[in-house]
Amino acid sequence: MSHKKPVTITTLNKFKESSEKFTCLTAYESTMASVISQSGVDVILVGDSLGMVIQGHDSTLPVTMDQLIYHLECVVNGNEGSHIMADMPFMSYATDDLGLENAKKLMQAGANSVKIEGGEWISKMAQVLSDRGIPVCAHMGLTPQTINRLGGHNVQGRDPSQKEKIITEALALEKAGASMLLLECVPGDLAQHITKELNIPVIGIGAGVHTDGQIMVIHDLLGISCLKKPPKFVKNFMKDSSSIQDAIKKYVMDVKSHKYPSKEHTFN
Ligand code: KIV
């Protein structure tokens with residue numbers, strides 16, 4: 001199931017055009033990255049979720065650029081053809097200059113794209129990076145780096161004005177040059193609407209069944225989530241699998257065949 005050719009932005013755009021779902025998983029080290037890419041996962045995210053699942057913090061905020069680069073380099077060493085997306089840590093893109101410098105470091109360490117969190121305020125950053133050849137994934141909805149302002153891990157975009165704002169900002173980000181959008185914890189109908197409106201691939205986590213791609217934190221997929229009660233959208237793929245490899249392959253098959261996520265994993 002491993003990739004015959006490296007997965008690029010063009011590959012992901014083709015998935016969208018042909019309505020074939022694509023898969024994404026987080027990884028933080030080389031052996032797991034190798035297993036994930038050999039299992040046919042299209043995108044590996046070196047996520048700042050490492051602050052929680054690797055470092056044991058209760059948020060992503062303490063993760064530094066140096067730490068992200070260390071884990072990115074480990075993942076790059078194990079990867080066999082998946083597209084590698086690297087998270088830009090909290091405050092690493094607070095200004096255009098800072099964002100440019102830090103995105104440069106991630107790309108030079110082997111990332112194929114970078115992910116930044118926010119709405120309209122990151123449009124400029126998306127444009128600056130994209131103009132310089134760096135593919136950007138804009139992360140919207142529940143944005144863990146702003147957890148203190150959001151006041152908790154709550155579903156975003158339920159009330160009509162919030163919904164309208166997310167749609168407007170998603171369109172603005174595409175116009176500014178974002179190559180991908182990631183929607184976290186939004187109602188399924190909102191994610192469906194945005195996926196239909198945008199030409200760029202939309203990746204979902206807790207965003208229902210209609211996004212172009214799906215992403216999970218690898219620990220959640222393996223049923224070793226650091227949370228006492230896993231969120232509604234999480235499925236433990238280890239439950240019916242005899243190995244980690246089997247669990248990841250099952251995730252890939254279930255996403256491709258529209259079995260995961262299902263209605264039970266979707267917010268209204
Ligand atoms: O850091 C991360 O793992 C993420 C996913 C939750 C999408 O941003």
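**Entry 1: the ligand**

I started at the ligand, where one of its oxygen atoms is 3.1 Å from an N or O atom in the side chain of Asp87. I logged this as a polar contact, meaning a pair of N or O atoms within 3.5 Å; within protein, one must be able to donate a hydrogen and the other to accept it, and residues adjacent in sequence count only if both atoms are side-chain atoms.

Before going on I noted the ground rules. This is a predicted model, in which local features need pLDDT of at least 70 and side-chain atom pairs count only at pLDDT 80 or more, while totals for chains, interfaces and linings use all residues. Residues are numbered from 1 along each chain as its sequence is written, and side-chain values use heavy atoms, with hydrogens and water left out.

Lys115 places a polar side-chain atom 2.8 Å from a ligand oxygen. For Asp48 the corresponding distance to an oxygen atom of the ligand is 3.1 Å. Taken alone, the ligand exposes 260 Å², and the protein buries 95% of that. Those areas come from the Shrake-Rupley method with a 1.4 Å probe; for residues, only the protein chains shown count as cover.

Which residues surround the ligand? I listed Thr26, Leu45, Gly47, Asp48, Ser49, Asp87, Lys115, His139, Leu182, Glu184, Ile205 and Val217. The shell divides into 4 nonpolar, 4 polar and 4 charged residues. Here Ala, Val, Leu, Ile, Met, Phe, Trp, Tyr, Cys and Pro count as nonpolar, Asp, Glu, Lys and Arg as charged, and the others, Gly among them, as polar.

**Entry 2: Asp87**

I went back to Asp87, which lies in strand 3 (residues 83-87). Helices (H or I, at least four residues) and strands (E, at least two) are DSSP runs, numbered from the N terminus. Is Asp87 buried or exposed? Asp87 counts as buried, because its relative accessibility is 2%. Buried means under 20% relative accessible area, exposed over 50%, partly exposed in between (1.4 Å probe, protein chains only).

The side chain of Asp87 makes a polar contact with that of Lys115 at 2.8 Å. Leaving aside neighbours within four places in sequence, I found Asp87 in contact with Leu45, Val46, Gly47, Asp48, Leu68, Leu106 and Lys115. Contact means heavy atoms within 4.5 Å.

**Entry 3: salt bridges**

How many salt bridges does the structure hold? I read off 10. The criterion is a side-chain nitrogen of Lys or Arg within 4 Å of a carboxyl oxygen of Asp or Glu.

I checked Asp254 next. Asp254 forms a salt bridge with Lys235, with the closest N and O atoms 3.3 Å apart. This pair links distant parts of the chain: Asp254 sits in helix 11 (residues 244-256), Lys235 in the loop between helix 10 (218-221) and helix 11, 19 residues apart. Asp254 also meets Lys250 in a salt bridge at 3.3 Å, N to O. Asp254 and Lys250 are 4 residues apart in helix 11, about one helical turn. Asp254 is buried at 3% relative accessible area. Lys235 is partly exposed at 25%, and Lys250 is partly exposed at 25%.

In helix 5 (residues 96-108), I found Lys104 and Glu101, 3 residues apart, about one turn of the helix. Their salt bridge has its closest N and O atoms 3.6 Å apart. Lys104 is partly exposed at 38%, and Glu101 is partly exposed at 37%. I also noted a network of salt bridges that links Glu20, Asp42 and Lys256.

**Entry 4: Asp96**

Asp96 also has its place in helix 5. Asp96 is partly exposed, with a relative accessible area of 26%. Its side chain makes a polar contact with the side chain of Lys124 at 2.8 Å. Not counting residues up to four places away in sequence, Asp96 touches Lys124, Met125 and Val128. I took one C-alpha distance: Asp96 to Ala126, 30 residues apart along the chain, is 9.6 Å.

**Entry 5: helix 2**

Last, I looked at helix 2 (residues 30-38), where Met32, Ala33, Ser34, Val35, Ile36 and Ser37 are buried. The buried residues of helix 2 pack against strand 1 (22-26), strand 2 (43-46), helix 4 (65-78), helix 10 and helix 11.

What caps the N-terminal end of helix 2? Glu29 does, with a side-chain oxygen 3.0 Å from the backbone nitrogen of Thr31. Just after helix 2, Gly40 takes a positive phi of about 90°.

Technical notes. A residue is near a molecule or strand if one of its heavy atoms lies within 4 Å of it.
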